[in-house]
Amino acid sequence: MAGSDVSVSDPLEDFDRRDVTTDDVTKTVLVSGHGPAVIVMTEMPGISPQVARFARWVREAGFTVFLPSLFGRDGVVATAGEGAAVFQRACVSAEFRAFAGKGASPVTRWLRALAKLAHAECGGPGVGAIGMCFTGNFALSMMLEASVLAPVLSQPTLPLDDPAAIESPPDELAAVRARLEREDLTVLAYRFQGDQFCQARRFAAYAEALGDRFIGRVLPDSAANTEVPPFFAQYVTTPHSVVTAHLIDEQGQPTLQARDEILRFFARRLKMEAGEARLGH
């Protein structure tokens, strides 16, 4: 698989780079694959080799991956200093709402428009979406777009200043829950047990807001990879990134099992034939 060495920067040459404009906002999106669309939203500090590896796994399972560039430099292994600078800029950006009481991040409007565009282009019954860390809750906000059928929240981190809160405001949560009930949909979510950026209190808040439509998975800290990039080594000192930096790419590992469950979730919701999602690539 291209870019299989996640310890070095990834040129991302197997992705097409597109400039996508909606509502007068233009962002670069990396696109690759065939089949129903899945939008993969990067964690901090950007589209790292680990994030690109996950996107390729989604692609090789039979989907068209849309990987929007939301912050950072695409494909690089960021230094601790560069990663910290990216994080600081995002926290004060008008596109993101990093702190409690600020409501959903404005960039989610652009992401909903991207989902609608991707659905029109790729066809099928709808679109999958996964957010990670800083973007974790974005997949839930995207449920306000009718084409999004398979939301995955991987270690949702916002708001940063209230571990028991959810980034989505009450009216958004109510609308999402009503849709989940009406269309018999579910939200899949992941965190490590000892994650200090996505704590048990946040998953409890999701469960209270969404009821049994929220399916939360908690992995043991012992399942986390300890060989991580410089930004994580310095600033992310607890297990955190379930399917990227802290994933152990070995059969039988809980993080790899989580990856496979996510791929099956996309396959089931996007109504692919049984067995069509090709796992283990």
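Residues are numbered from 1 along each chain as its sequence is written, and side-chain values use heavy atoms, with hydrogens and water left out. Because the model is predicted, local features need pLDDT of at least 70 and side-chain atom pairs count only at pLDDT 80 or more, whereas totals for chains, interfaces and linings use all residues.

Eight strands form an open sheet of mixed pairing, in the order E1-E2-E4-E3-E5-E6-E7-E8; strands (E, at least two residues) and helices (H or I, at least four) are DSSP runs, numbered from the N terminus, and two strands pair if DSSP finds at least two bridges between them. Strand E1 (16–22) and strand E8 (214–219) are the edge strands, each pairing on one side only. On average, neighbouring strands of this sheet are turned by 20° against each other, direction ignored. Within the sheet, strand E5 (residues 127–132) and strand E6 (residues 148–154) pair in the parallel sense over six bridges, and methionine 132 has serine 154 of E6 as its bridge partner.

Helix H1 (residues 49–60) packs on this sheet and touches strand E2 (25–33), strand E3 (37–40), strand E4 (64–68) and E5, with its direction at about 155° to that of E4; contact means heavy atoms within 4.5 Å, and angles run from 0 to 180 degrees between N-to-C directions, with axes fitted to C-alpha atoms, for helices over the stretch in contact. Helix H8 (residues 254–269) lies across E3, E5, E6, strand E7 (187–192) and E8, and runs at about 165° to E6.

The second largest pocket has a volume of about 200 Å³. A pocket is an open set of points on a 1 Å grid over the protein atoms alone, where a 1.4 Å probe fits, with protein on both sides within 12 Å along at least five of seven lines, and lining residues have an atom within 4 Å of a point; the volume is the space filled by probe spheres set on the points, which are joined across faces, edges and corners. Of its 13 lining residues, Phe87, Phe197, Phe231, Tyr235 and Val236 are the closest to the centre. The lining comprises eleven nonpolar, two polar and no charged residues, where Ala, Val, Leu, Ile, Met, Phe, Trp, Tyr, Cys and Pro count as nonpolar, Asp, Glu, Lys and Arg as charged, and the others, Gly among them, as polar. The largest pocket, in turn, holds about 270 Å³ of space.
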